[in-house]
Protein chains: 2
Amino acid sequence: MNDPKPAIETLASLGQKIIQSLRENRYPVLEIPDRRTSNIVYDENSNHYVLGSSRSIRDSSNVKHVKRFAQLTWVASFAKELLQASRTSSLRDLYYSSEAFGVGFSSQSESDRIVTDLECLTGFPRESFGIYPEEHSSIYGEVVMRYTVSGYEGKEIDLTVSPDGLPVGPALMTAEPLESNAEIVLAVESGGMFSRLIETKAWKRFNAVLVQLGGQSPRSTRRLMRNLHVSLGLPVYIFTDGDPWGMHIAKVIISGSANSAHIQDLTIPHAKWIGVTPEDIVQYSLPTEPMSDADLKRLDELSQDVRYSEPEWQNHIQQFKKIRTKAEQQAFSRFGMDYVVDTYLSKKIS
Amino acid sequence: MNDPKPAIETLASLGQKIIQSLRENRYPVLEIPDRRTSNIVYDENSNHYVLGSSRSIRDSSNVKHVKRFAQLTWVASFAKELLQASRTSSLRDLYYSSEAFGVGFSSQSESDRIVTDLECLTGFPRESFGIYPEEHSSIYGEVVMRYTVSGYEGKEIDLTVSPDGLPVGPALMTAEPLESNAEIVLAVESGGMFSRLIETKAWKRFNAVLVQLGGQSPRSTRRLMRNLHVSLGLPVYIFTDGDPWGMHIAKVIISGSANSAHIQDLTIPHAKWIGVTPEDIVQYSLPTEPMSDADLKRLDELSQDVRYSEPEWQNHIQQFKKIRTKAEQQAFSRFGMDYVVDTYLSKKIS
């Protein structure tokens, strides 16, 4: 992840392969793992989505393929330049940079798709090529990490340095966890809850590294959490709003998403959703809102989803359907500012 | 701002005043500066919106007023508790906390409005009471600040400590700028541009403190920029997308918004919008998109807006109307990754 060499070498050998074909007067052909729904399978052993064995062909002799072929080679060369210059780019910048080269992306969603093609082809996540989305989440806790980005190589940072937390950007995502006094990772959905857990020193009380997910967490944040889990042995707990969307934020961290089926090392199968569960809503008499049609439809979808096949998750779905209400994680404020820490989280984490 | 005493004393004397009335068997009455549109005036001297002299009455003997009166006193007592405990709250948490007290907010927008009432009544911005919205922007640059928040009092932080930047949360907003090697503040609209300016060391080249606005910037960010401007004498430059919305992000930093007319010390009249101007779009042949109906309508509104009365701004509006296209700040990527720094910003800032 941190050493750019393997990624550069993979890109270079991709280029070599194309040049070789041209020298031999053959049209270059690329084989890319197929990521259509029919080729996304849920691996029961590893408990996450993976791609099956089907392959797509990009054949430069086929007029239907040649544009995507050219776009893919451009993205690969852009990625190689980034790596060689120790630079990063947002997906948006990549799209705009392409305009000078006439590779004809009609929108950013098209260039994003080609970036995913490159991920499938090479087996590297785009972050390994220095390509990131714009959104950030935040982190705070007693972990010391060592930066690897240019200009900061070898510098260490204590993740308690700023009481507002630190953004999980390219620099932190590629840093190495060195040591930690923490015993768990506690990921929370909202920024308000994150700030409250810092201020009330809940991180100290629970010996927790706090992560603010900001809704569906960016892949970089999931990777950083996994890194803390694997390198430092910290178990991961996830605290979200009590609704189908919050539950699914947790599920994606645990079991992955179909969109990332081609990326390895992103899931945390042993991570635990601590709430707000529908059972909590009842037990704590939380202030609720009625579920919308969209919420109920989402529950139906999730009940069919292979990731929710275990009885524990089916139970949550049934309970939500029964109570037909939802509650935000802030809802515990009704019992006073400290209740969520002193009572709810204390009980859940112990 | 940093010392909670003046705010606590103001809240306490508000409470005293109410109790005094009750002791004298009178219904308490509060007078609040009126913030209806008719009472928002543009102060040509200070170049920003202020409230006129009209006052609203909250009379607790009036059944129409009594609910808002009670809500206001609850918000005031909540704020006082926050200050006394050196704690902060998001606007959302405040809304949920109210549920335990039966003060009957029907939605967060209602409690937000009462928080604004308290601001008008006391003359303190909600940040002085420890009440913040959830959104954050980021900052990076050679400034040393000293924290004042509980647990970090007196600790200093160098704003280059994290190459991903630091979030402008409650802790940073209440910190004191101590010293800086920087010569300007450069505020940019998007996270992608912010990251690029850090990575390419443009902050060093321009001796700039970089601020990521993330769209319309939260008040806390505007206040921090103003603080750097006033305490350290740094001029402020603003770099946004080239469209009516980007231009208005800059204008609000410069001249304020009607929504904040009751808050002082928030505008930076000498701040400068460097682009992307409509003239830049033409001069640099930037890749553009056609303006939508909403964009054109927005231009019409702005052309009538008193903040845009100077010829320079009217010209920008006319130019936009003429070209009927817009461009994002990322659009310079078409000329290569470094063009925006080496050519565009170099020229604009010098």
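Visitor: What separates the centres of domain 1 of chain A and domain 2 of chain A?

Guide: In this predicted model, the two centres, taken over C-alpha atoms, lie 31 Å apart. The domain assignment of chain A places domain 1 at 5–132 and domain 2 at 138–349.

Visitor: What makes residues of domain 1 of chain A count as in contact with residues of domain 2 of chain A?

Guide: Two residues are in contact if their C-beta atoms lie within 7 Å. By that criterion, 17 residues of domain 1 of chain A touch 16 residues of domain 2 of chain A. On the domain 1 side, the elements giving two or more residues are strand E2 (40–43), strand E3 (48–51) and helix H4 (108–122) of chain A. E3(A) provides the largest share, 4 residues. By class, this side of domain 1 has 9 nonpolar, 5 polar and 3 charged residues.

Visitor: Which element gives the most to the side of chain B that touches chain A?

Guide: Between the chains, 42 residues of chain B are in contact with 42 residues of chain A. On the chain B side, H6(B) gives the most, with 5 residues. By class, that side has 17 nonpolar, 16 polar and 9 charged residues.

Definitions and conventions. Residues are numbered from 1 along each chain as its sequence is written. Chains are lettered from A and ligands numbered from 1 in the order in which they are written. This is a predicted model: local features need pLDDT of at least 70, side-chain atom pairs count only at pLDDT 80 or more; totals for chains, interfaces and linings use all residues. Ala, Val, Leu, Ile, Met, Phe, Trp, Tyr, Cys and Pro count as nonpolar, Asp, Glu, Lys and Arg as charged, and the others, Gly among them, as polar. Domain bounds come from an automatic or database domain assignment.
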